[in-house]
Number of protein chains: 2
Amino acid sequence: MPKKAPIEKDVSAEEKIKEAARKLFTTKGYAATKTRDIAQEAGINLALLNYYFRSKEKLFHIIRAESLHKIGLEIVRIIYETDTSLEEKIKKLVAYYTETLMKEPDLPLFVLTEIRNNPEQLVDTIGIRDKVMNSVLMQQIMQGVMSGKLRPIHPVHFIINTISLTVFPFVAGPMLKLVANLNDDSFAALTTERKELVPEWIMMIMSQPEKK
Amino acid sequence: MPKKAPIEKDVSAEEKIKEAARKLFTTKGYAATKTRDIAQEAGINLALLNYYFRSKEKLFHIIRAESLHKIGLEIVRIIYETDTSLEEKIKKLVAYYTETLMKEPDLPLFVLTEIRNNPEQLVDTIGIRDKVMNSVLMQQIMQGVMSGKLRPIHPVHFIINTISLTVFPFVAGPMLKLVANLNDDSFAALTTERKELVPEWIMMIMSQPEKK
DNA sequence: AAAAAATTTAATCAAATGATTAAATTTGGC
DNA sequence: GCCAAATTTAATCATTTGATTAAATTTTTT
């Protein structure tokens with residue numbers, strides 16, 4: 001007879017399944033990941049997966065939500081800081097993303113694919129709508145534009161530029177390694193360099209050159 | 001009795017299958033695309049797919065190769081031009097990518113996913129290794145760095161920056177629309193703006209500021 | 001230690017899925 | 001118009017895959 005979900009106590013097996021699922025879903029996607037693959041990767045029996053998580057889909061939703069939170073939470077914290085300058089925020093954001101993605105380079109491709117496949121649902125899951133546009137960061141940008149210190153460009157461009165220059169190298173990592181003939185070490189060296197360079201470039205792009 | 005592959009003559013049905021396969025593989029990925037979906041989308045019988053293409057996998061290889069060529073061929077042509085300046089090449093590249101991806105916004109996520117899943121095989125398929133690094137564009141960058149006109153930064157950064165600022169907005173399109181509350185029209189307006197802005201930004205990032 | 005609850009397993013099911021078959025229909029050359 | 005090649009179809013097969021079942025084992029509670 002099937003049992004109800006167990007009370008939480010020893011999460012060893014449950015956590016092993018989640019870890020395996022995270023790895024496989026992230027690298028191979030939902031459809032290409034088979035429940036038997038997850039079970040094998042986790043070193044447990046297939047039935048156990050359904051016992052703990054009811055279904056492949058439910059397990060996936062959990063993994064996806066955690067991935068989104070991993071990327072989203074710290075960002076929101078940074079862009080709502082009231083005691084740091086625009087430049088400091090950009091430096092923090094670039095540093096945080098770079099360090100996170102050096103540890104989990106497959107995360108952005110997974111998250112971006114999922115957001116494309118299911119944009120509406122994810123507005124609910126992470127309630128991100130307007131969070132960015134109402135942030136202190138965005139106010140600082142608009143204020144900079146008003147005061148003439150920043151170029152008069154739509155603030156969204158700055159968002160796009162910061163994320164692009166920081167995240168895209170990871171999304172395109174395998175391609176870049178191919179076209180530039182880089183091994184893992186030289187690629188890591190490049191991304192580390194960019195932790196310093198990208199904030200400089202962003203400020204360079206945004207700043208209004210002084211009139212003579 | 002099964003027939004051998006037909007001689008090419010009337011590609012109507014064959015082309016309909018390829019078009020349906022392209023659409024589904026590109027938007028949903030290999031594993032999530034079912035041969036029956038392709039057949040239905042193409043308005044043909046399932047057996048016909050295997051008759052023309054032998055297998056789902058063979059059909060996929062064809063689609064993937066065509067997608068890669070679509071992105072790769074024009075690029076190589078531009079970066080090997082001998083009669084255009086560095087700045088002109090950047091403008092051409094950004095314009096070409098932007099226009100191509102406005103028509104097929106799902107292409108880059110598909111290509112990047114495929115390159116990640118199968119990097120080695122794709123070196124063979126499109127023989128891109130060293131093509132970029134040996135290009136006239138790359139020579140112009142290195143010459144600019146030598147002569148002091150450009151900042152002394154690894155040329156790969158310029159490649160990364162150009163692709164990032166141009167392609168990433170499409171990869172992250174659905175996410176950007178969410179966080180910035182953009183509809184399709186305002187998003188299109190932004191990307192059109194960037195066709196002008198990105199080359200300016202790239203030159204701004206690369207150029208050595210004149211000493212006073 | 002006995003009973004109850006939780007965990008784990010092997011076996012199995014039903015649906016989905018890629019592929020094949022053999023027959024029917026259409027097309028093009030003569 | 002006839003024939004052979006090409007095209008198209010419905011039916012079916014074998015495997016994969018998500019899920020369930022019932023029984024066995026382990027852990028916890030008393």
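How much of the chain is helix and how much is strand over residues 34-53 of chain A, and how far apart are the end C-alpha atoms? Please then describe helix 2 of chain B and its two sides.

Analyst: This is a predicted model, in which local features need pLDDT of at least 70, side-chain atom pairs count only at pLDDT 80 or more, and totals for chains, interfaces and linings use all residues. Residues are numbered from 1 along each chain as written, chains are lettered from A and ligands numbered from 1 in written order, and side-chain values use heavy atoms, without hydrogens or water.

Residues 34-53 of chain A are 80% helix and 0% strand, and their end C-alpha atoms lie 15 Å apart. For this stretch, an unreviewed UniProt entry lists "DNA-binding region", an annotation that may be inferred rather than shown by experiment.

In chain B, helix 2 spans residues 35-42; a helix here is a DSSP run (H or I) of at least four residues. Its buried residues (under 20% relative accessible area, 1.4 Å probe) are B:Thr35, B:Ile38, B:Ala39 and B:Ala42. They lie on the same side of helix 2 of chain B because they cover an arc of only 95 degrees around its axis, taken from the directions to the C-beta atoms. The cover over these buried residues includes helix 1, helix 3 (46-53) and helix 4 of chain B, where contact means heavy atoms within 4.5 Å.

On the other side of helix 2 of chain B, B:Arg36 and B:Gln40 are exposed, that is, over 50%. Just after this helix, B:Gly43 adopts a positive phi of about 70 degrees.
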